[in-house]
Amino acid sequence: MTDKPRKSLMFVLTIAALALGGGRAFALTFDDIAGRWCGSVSSYTFTPTTLIVVLYGDNPRREYPIDSYQYDGDVITVNWERGSDKLFTKFGEFYFHEHSLVQLRNDAGPRREFRKCSE
């Protein structure tokens with residue numbers, strides 16, 4: 001294989017790998033979860049210090065202090081408080097081209113899908 005076809009092939013393979021991998025080859029940060037996310041039963045808004053939850057059924061707005069965010073590969077763990085309870089919620093399956101993420105299933109609740117919504 002000559003040099004030109006080899007370079008073309010490498011370029012095509014690189015583009016294909018980026019497309020299949022979502023174009024994401026680096027660690028998640030707060031910017032990836034910041035803002036308002038809309039789901040089927042609620043919306044979440046993430047600020048550096050507050051989790052705002054709005055339930056669609058009766059529209060109460062609830063605000064919870066956020067202690068910290070943990071970034072582990074393709075999962076963001078939000079450590080937050082409800083009263084005196086220290087809780088956490090994990091988010092993953094980030095699809096940046098679709099502006100979506102998933103609240104991962106745990107003992108406290110089911111898997112929920114969210115899409116980035118307008119502020």
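These legends describe close-up views of a predicted model. Local features are reported only at pLDDT of at least 70 and side-chain atom pairs only at pLDDT 80 or more, while totals for chains, interfaces and linings use all residues. Residues are numbered from 1 along each chain as its sequence is written, and side-chain values use heavy atoms, with hydrogens and water left out.

**View 1**
Buried means under 20% relative accessible area, exposed means over 50%, and partly exposed lies in between (1.4 Å probe, protein chains only). The side chain of glutamine 103 makes a polar contact of 2.6 Å with the side chain of tyrosine 44. A polar contact is a pair of N or O atoms within 3.5 Å; within protein, one must be able to donate a hydrogen and the other to accept it, and residues adjacent in sequence count only if both atoms are side-chain atoms. Leaving aside residues up to four places away in sequence, glutamine 103 touches several residues, including Thr89, Phe91, Pro110 and Phe114 (contact means heavy atoms within 4.5 Å).

**View 2. The aromatic pair of tyrosine 44 and phenylalanine 91.**
The whole structure holds eight aromatic pairs. The pair of tyrosine 44 and phenylalanine 91 is edge-to-face, with 6.1 Å centre to centre and 90 degrees between the planes. Tyrosine 44 belongs to strand β2 (residues 42-46) and phenylalanine 91 to strand β6 (residues 85-95), so the pair ties together parts that are 47 residues apart in sequence. Rings of Phe, Tyr and Trp (its six-membered ring) pair if their centres lie within 6.5 Å; planes under 30 degrees apart count as stacked, over 60 as edge-to-face and the rest as tilted. Tyrosine 44 is buried at 11% relative accessible area, and phenylalanine 91 is buried at 1%. Ring pairs link Tyr44, Phe46, Phe91 and Phe114 into a cluster.

**View 3. The disulfide between cysteine 38 and cysteine 117.**
The whole structure has one disulfide, defined as a pair of cysteine sulfur atoms within 2.5 Å. Cysteine 38 is joined to cysteine 117 with an S to S distance of 2.1 Å. The torsion about this S-S bond is about 90 degrees, so the disulfide is right-handed. Cysteine 38 lies in strand β1 (residues 35-38) and cysteine 117 in the segment after β8 (112-116), so the pair ties together parts that are 79 residues apart in sequence. Cysteine 38 is partly exposed, with a relative accessible area of 23%, whereas cysteine 117 is buried at 15%.

**View 4. Positive phi at glutamate 93 and histidine 99.**
Most residues other than glycine have a negative phi. Glutamate 93 is not a glycine, yet its phi is positive, at about 50 degrees. Glutamate 93 lies in strand β6 and counts as partly exposed at 32% relative accessibility. Histidine 99 also has a positive phi, near 55 degrees, and lies in the loop between β6 and β7.

**View 5. Aspartate 72 in strand β4.**
Strand β4 covers residues 61-72 and includes aspartate 72. Aspartate 72 counts as exposed, at 61% relative accessibility. The C-alpha atoms of aspartate 72 and leucine 28 are separated by 7.9 Å, and these residues are 44 residues apart along the chain.

Notes. Helix = DSSP H or I, 4+ residues; strand = E, 2+ residues; numbered from the N terminus.
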